[in-house]
Amino acid sequence: MLTTTHLIGFGIEAGSLAPISDPFWPMVRLLIQPRAGDSVPTDYSGRHTLSGPVSLQTSLVPWSGAAAIEFDSDSDSLDPSGAMADFSHGTADPFCLEMVFRLTRPNPQPGQVLLDTRMPSLSEASLIVDIAFDNSNQIVITHTGGSLLRGGSLQQGVWHVLIYQVWHDGSQHRRLALDGTLIASEDGGNATMASSGRFRIGGNATPPHGATMNLGLTRVTAANRYGNGPYPVHSAFVPQN
């Protein structure tokens, strides 16, 4: 059974998925952390039901005893239903998104989406927080008003730890970190607001669709977990590949 030393900064035990020493556990709004023995992707926060054409696999996982959700085509997606207001941010409520993922396509298509909060209606396309990557394999975050965070370098076949945070202390702050390093930040500017009608991991409604990847963790917390750092680093995990 794993201990928290394998999940530094995550405050949960992969063996039992029980909150151990996480002071933010009451504010966790989504926890997708597949483990060996799961039959379907599950939200262990208990707040959402997950659906989508994805599968679980245990051959390429981020740490021992875990499983990973396989997105094996650019149309694969995972959609939570339930309390969709859990994913709204850009207001006075803090928001922290954590993802552990591994791109599996040798030549990923630029613009493929890791996470999409766009509403189906094109008239609401300005109310988005899309997390994708560009033709330089940099993480790109688009939000309301066209403001942008960009940085980092994604590699195929490598487990990455992505942190995206929004919080207020009189003005709005946004932070994007990859593998323990702050790669982009923005203070002030337009309010960032996610649509309350969609929170989709993977496949988008329009090309170039979603990222082909293995997903080891997605967690959303209504709290400022990390502020300006430090951030969880890749060496906090024990990859098997």
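Modeller: A contact in this predicted model means heavy atoms within 4.5 Å of each other, and with that cut-off, residues 24 or more positions apart account for 63% of the contacts in the chain that have a separation of 6 or more.

Biologist: How many helices and strands are there in the chain, and what percentage of its residues count as buried?

Modeller: The chain has 0 helices and 15 strands, and of its 241 residues 51% count as buried.

Biologist: What makes strand 12 and strand 13 a pair?

Modeller: Two strands pair if at least two bridges are found between them, and strand 12 (residues 172-178) is joined to strand 13 (residues 181-187) by 6 bridges, the two running antiparallel. For Leu 176, the bridge partner in strand 13 is Ala 184. The hairpin of these strands has 2 residues between them, and there Asp 179 takes a positive phi near 50°.

Biologist: How do you know that Arg 35 and Asp 38 meet in a salt bridge?

Modeller: The criterion is a side-chain nitrogen of Lys or Arg within 4 Å of a carboxyl oxygen of Asp or Glu, and for Arg 35 and Asp 38 the N to O value is 3.6 Å, which meets it. The structure holds 7 salt bridges. Asp 38 counts as buried because its relative accessibility is 18%, with under 20% being the cut-off, whereas Arg 35, at 25%, counts as partly exposed.

Biologist: How far apart are the closest N and O atoms of Arg 200 and Asp 79, and why does that pair tie together separate parts of the sequence?

Modeller: In the salt bridge of Arg 200 with Asp 79, the closest N and O atoms are 2.8 Å apart. Arg 200 lies in strand 14 (residues 200-202) and Asp 79 in strand 5 (residues 77-82), so the pair ties together parts that are 121 residues apart in sequence. Both Arg 200 and Asp 79 are buried.

Biologist: Where do Arg 225 and Glu 98 lie, and why are they called buried?

Modeller: Their side chains meet in a salt bridge at 3.6 Å, N to O. Arg 225 lies in the segment after strand 15 (213-221) and Glu 98 in strand 6 (residues 95-103), so parts that are 127 residues apart in sequence are tied together. Buried means under 20%; Arg 225 has 11% and Glu 98 has 0%, so both count as buried. Salt bridges that share partners join Glu 98, Arg 219 and Arg 225 into one network.

Biologist: What is the average pLDDT of the chain?

Modeller: The chain averages a pLDDT of 74, and 69% of the residues score at least 70. Over residues 11-19 the pLDDT is below 50, and this stretch has 33 contacts in the model beyond near neighbours in sequence. Residues 119-127 also stay under 50, with 13 contacts beyond four places in sequence.

Technical notes: Residues are numbered from 1 along each chain as its sequence is written. This is a predicted model: local features need pLDDT of at least 70, side-chain atom pairs count only at pLDDT 80 or more; totals for chains, interfaces and linings use all residues. Side-chain values use heavy atoms; hydrogens and water are left out. Helices (H or I, at least four residues) and strands (E, at least two) are DSSP runs, numbered from the N terminus. Buried means under 20% relative accessible area, exposed over 50%, partly exposed in between (1.4 Å probe, protein chains only). pLDDT is the predictor's confidence in each residue, from 0 to 100.
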